[in-house]
Amino acid sequence: MATGYRGTIKDFPGADPLRDVEVLRKAMKGFGTDENAIIELLGSRPNKQRVPLKAAYKTTYGKDLVSDLKSELRGNFESLVLAMLKAPAHFDASELREAISGAGTDEACLIEILSSRSNAEIREITKIYKAEYGKSLEDAISGDTSGHFRRLLVSLSQVQTLSQLWIFYYILHITLCIKNTPAYFAERLHKAMQGAGTKDRTLIRIMVSRSEVDMLDIRQEYLRLYGMSLYTAISGDTSGDYKKLLLKLCGGSD
């Protein structure tokens, strides 16, 4: 894989949170919403320039940015915008919570997050999970999964090295993720868009969480594995403002 920065979203030169929230406020005021203004702004700022917008909005307008966006936006576009306004560890913690507490455990989501984040990232996620949900991530996983899979995930959530783990039923996915993370995510994206109905939660989570990590490599792997660019796949499988913002995160049509 190529070295250097492999994300698609880069720092926006001279970004000013106070000026940015003015753009967002104007986009939501009056009759109708200027979705393109929201897409252009959020789609050209990395996470560290997006997250502070919540505090800047509150300071400037005395209102909650997330609440205002929720009242203006709908559907998958709304979900994507709100995901982009969460700090990475907070976003991961909320996705793990949903994977555990939703209807049926989303085991693939648990594997995806716990096996692709660094030890430091997992420590931060577990700290936030406990603070936000009043229960340790380890206890949440233990209560919602069983057998070998539970022991495997608990080991991951405790930040043990993977080389110490026994080979369990789901180890194939974890091995692929560790061995070739971009190929693993390319496969996850392909499965999310394949067949009837798109798994939008998976699509949103991967596009948001990998856009500043290895999206360029994921794009290369997607093209290699499926003979089609990720950009083309997303374009054919999504629509409207949701599609526009996803394509910003994808960052190119190669």
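Tyr61 is partly exposed in this predicted model, with a relative accessible area of 27%. Its ring pairs with that of Tyr57, a residue that counts as buried because its relative accessibility is 0%.

**The Tyr57–Tyr61 pair**

- Tyr57 and Tyr61 both belong to helix 4, which spans residues 52–61.
- The two tyrosines are 4 residues apart, about one turn of the helix.
- A pair of aromatic rings is described by the distance of the centres and the angle of the planes.
- For Tyr57 and Tyr61, the ring centres are 5.2 Å apart and the planes stand at 55°, so the pair is classed as tilted. The class follows because an angle over 60 degrees would be needed for edge-to-face and one under 30 degrees for stacked.
- The structure has a count of 4 aromatic pairs.

**Helix 4 against helix 5**

- Two packed helices are described by the angle between their axes and the distance between the axes.
- Helix 4 packs on helix 5 (residues 65–72) at an angle of about 95°, and the axes are 8 Å apart.
- The two helices are therefore roughly perpendicular to each other, since angles of 65 to 115 degrees fall in that class.
- On the helix 4 side, the contact is made by Leu53, Lys54 and Tyr57; on the helix 5 side, it is made by Leu65, Val66 and Asp68.
- By class, this contact of helix 4 with helix 5 contains 4 nonpolar, no polar and 2 charged residues.

**Helix 2 against helix 17**

- Helix 2 (residues 35–42) and helix 17 (residues 240–250) pack at about 15°, with 9 Å between their axes.
- This angle makes helix 2 roughly parallel to helix 17, because the class takes in angles under 35 degrees.
- The crossing of helix 2 and helix 17 is right-handed.
- Helix 2 contributes Glu35, Asn36, Ile39 and Glu40, which meet Asp241, Lys244, Leu245 and Lys248 of helix 17.
- By class, the contact of helix 2 with helix 17 has 5 charged residues, 2 nonpolar and 1 polar.

**Burial of helix 14**

- Helix 14 (residues 200–210) is mostly covered, as 10 of its 11 residues are buried.
- Charged residues are present in the buried set, including Asp200, Arg205 and Arg210.
- Leu203, Ile204, Ile206, Met207 and Val208 are also among the buried residues of helix 14.
- Thr202 and Ser209 are buried in helix 14 as well.

- Ser235 is located in helix 16 (residues 230–237) and is partly exposed, with a relative accessible area of 24%.
- Beyond its neighbours within four places in sequence, Ser235 is in contact with Lys243 and Leu247.
- Ser235 and Ala27 are 208 residues apart along the chain, and their C-alpha atoms are separated by 25 Å.
- Thr238 sits in the loop between helix 16 and helix 17 and is buried, with a relative accessible area of 9%.
- Thr238 is in contact with Leu203, Lys243 and Leu246, its neighbours within four places in sequence being left aside. Leu203 is one of the buried residues of helix 14.
- Thr238 and Thr198 are 40 residues apart in sequence, with a C-alpha to C-alpha distance of 8.3 Å.
- Lys243 is in contact with Ser235 and also with Thr238.

Definitions and conventions:
Residues are numbered from 1 along each chain as its sequence is written. This is a predicted model: local features need pLDDT of at least 70, side-chain atom pairs count only at pLDDT 80 or more; totals for chains, interfaces and linings use all residues. Side-chain values use heavy atoms; hydrogens and water are left out. Axes are lines fitted to C-alpha atoms, for helices over the stretch in contact, and angles run from 0 to 180 degrees between N-to-C directions. Angles under 35 degrees count as roughly parallel, over 145 as roughly antiparallel, 65 to 115 as roughly perpendicular and the rest as oblique. A crossing is left-handed if the near helix is turned anticlockwise from the far one by less than a right angle, and right-handed if clockwise. Contact means heavy atoms within 4.5 Å. Rings of Phe, Tyr and Trp (its six-membered ring) pair if their centres lie within 6.5 Å; planes under 30 degrees apart count as stacked, over 60 as edge-to-face and the rest as tilted. Buried means under 20% relative accessible area, exposed over 50%, partly exposed in between (1.4 Å probe, protein chains only).
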